[in-house]
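Me: Take a close look at the packing in this model, please. I would like one connected account.

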Amino acid sequence: MSETTPPPPGEEPGRTTPPPGPPAPPPAPPPPSSEAWPPSPPPAPPPPAWSPAGPPSPADADANARQWAMLAHLSALAGLFVGGLIFLGPLLVYLVKKDEHPFIADQSREALNFNISVFIYFIVSAILIIVVIGILLLPAIGIAWVVLTVIAAVRANNGEAYRYPLSIRFVT
């Protein structure tokens with residue numbers, strides 16, 4: 001015969017208790033106070049995507065930088081529709097985008113200097129119409145301006161830094 005033991009008080013007869021499990025883990029210790037650890041140094045700034053020293057190379061110019069550099073050159077053509085202020089478009093691109101990439105800064109500065117120079121050449125040629133030489137200079141300057149602007153835009157789109165001939169360096 002099997003001998004059964006009576007259930008402990010408070011338990012129902014015929015119900016078995018589960019076997020005891022592993023002991024509960026001890027509570028986690030409190031985190032150390034901030035006085036115990038030395039302060040961590042501030043995070044270092046991320047390195048720039050381009051080197052601030054030296055001229056930009058074509059390999060550094062990504063598609064976005066090349067596109068903005070091209071627009072800096074071509075925006076001068078839009079200046080004809082804004083009262084002949086051909087330097088206004090390159091000036092806006094230079095002021096807004098110069099800090100984003102050195103290629104944009106370089107090419108927009110180049111376009112700005114060239115278009116300020118051409119603007120001055122146009123004014124001088126208009127004055128020289130009195131001496132007849134201005135009649136020959138105005139169309140020559142106009143054709144050279146359009147051709148050189150298109151060449152500069154194509155080169156900038158290819159990632160090549162372009163330098164205009166006969167450009168006075170006002171903005172450096």
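Reply: Contact here means heavy atoms within 4.5 Å. The model is a predicted one.

Start with tyrosine 164. Setting aside neighbours within four places in sequence, tyrosine 164 is in contact with His73, Glu110, Ala111, Phe114, Leu148, Thr149, Ala152 and Arg169. Tyr164 also belongs to the largest nonpolar core. Ten residues form that core: Ala76, Ile86, Phe114, Val118, Ile141, Trp145, Leu148, Ala152, Tyr162 and Tyr164. Two helices, H3 (102-127) and H4 (133-157), supply at least two core residues each. H4 gives the most, with four residues.

Now the helix pairs. Two packed helices are described by the angle between their axes and the distance between the axes. Take H1 and H3. Their axes lie 8 Å apart, at an angle of about 10 degrees. An angle under 35 degrees counts as roughly parallel, and H1 and H3 are therefore roughly parallel to each other. On the H1 side, the contact is made by Ala65, Arg66, Trp68, Ala69, Ala72, His73 and Ala76. On the H3 side, Phe103, Ile104, Gln107, Ser108, Ala111 and Asn115 take part. By class, the contact of H1 with H3 has eight nonpolar, four polar and one charged residues.

H1 (residues 63-78) also packs on H2 (residues 88-97). Here the angle is about 150 degrees and the axes are 7 Å apart. Angles over 145 degrees count as roughly antiparallel, so H1 is roughly antiparallel to H2. H1 brings Trp68, Ala72, Ser75 and Ala76 to this contact. H2 answers with Gly89, Pro90, Val93 and Lys97. By class, that gives five nonpolar, two polar and one charged residues. Trp68, Ala72 and Ala76 of H1 are in the contact with H2, and they are in the contact with H3 too.

Gly89, Pro90, Val93, Tyr94 and Lys97 are its buried residues. They span an arc of only 135 degrees around the axis, so they sit on the same side of H2. An α-helix has 3.6 residues a turn, so residues three or four places apart point the same way. The buried residues of H2 pack against both H1 and H3. Turned away from that buried side is a face with the exposed residues Leu95 and Val96.

Note on methods. Residues are numbered from 1 along each chain as its sequence is written. This is a predicted model: local features need pLDDT of at least 70, side-chain atom pairs count only at pLDDT 80 or more; totals for chains, interfaces and linings use all residues. Side-chain values use heavy atoms; hydrogens and water are left out. A nonpolar core is a set of buried Ala, Val, Leu, Ile, Met, Phe, Trp, Tyr and Cys residues joined through side-chain atoms within 4.5 Å. Buried means under 20% relative accessible area, exposed over 50%, partly exposed in between (1.4 Å probe, protein chains only). Axes are lines fitted to C-alpha atoms, for helices over the stretch in contact, and angles run from 0 to 180 degrees between N-to-C directions. Angles under 35 degrees count as roughly parallel, over 145 as roughly antiparallel, 65 to 115 as roughly perpendicular and the rest as oblique. Ala, Val, Leu, Ile, Met, Phe, Trp, Tyr, Cys and Pro count as nonpolar, Asp, Glu, Lys and Arg as charged, and the others, Gly among them, as polar. The arc is that of the directions from the helix axis to the C-beta atoms.
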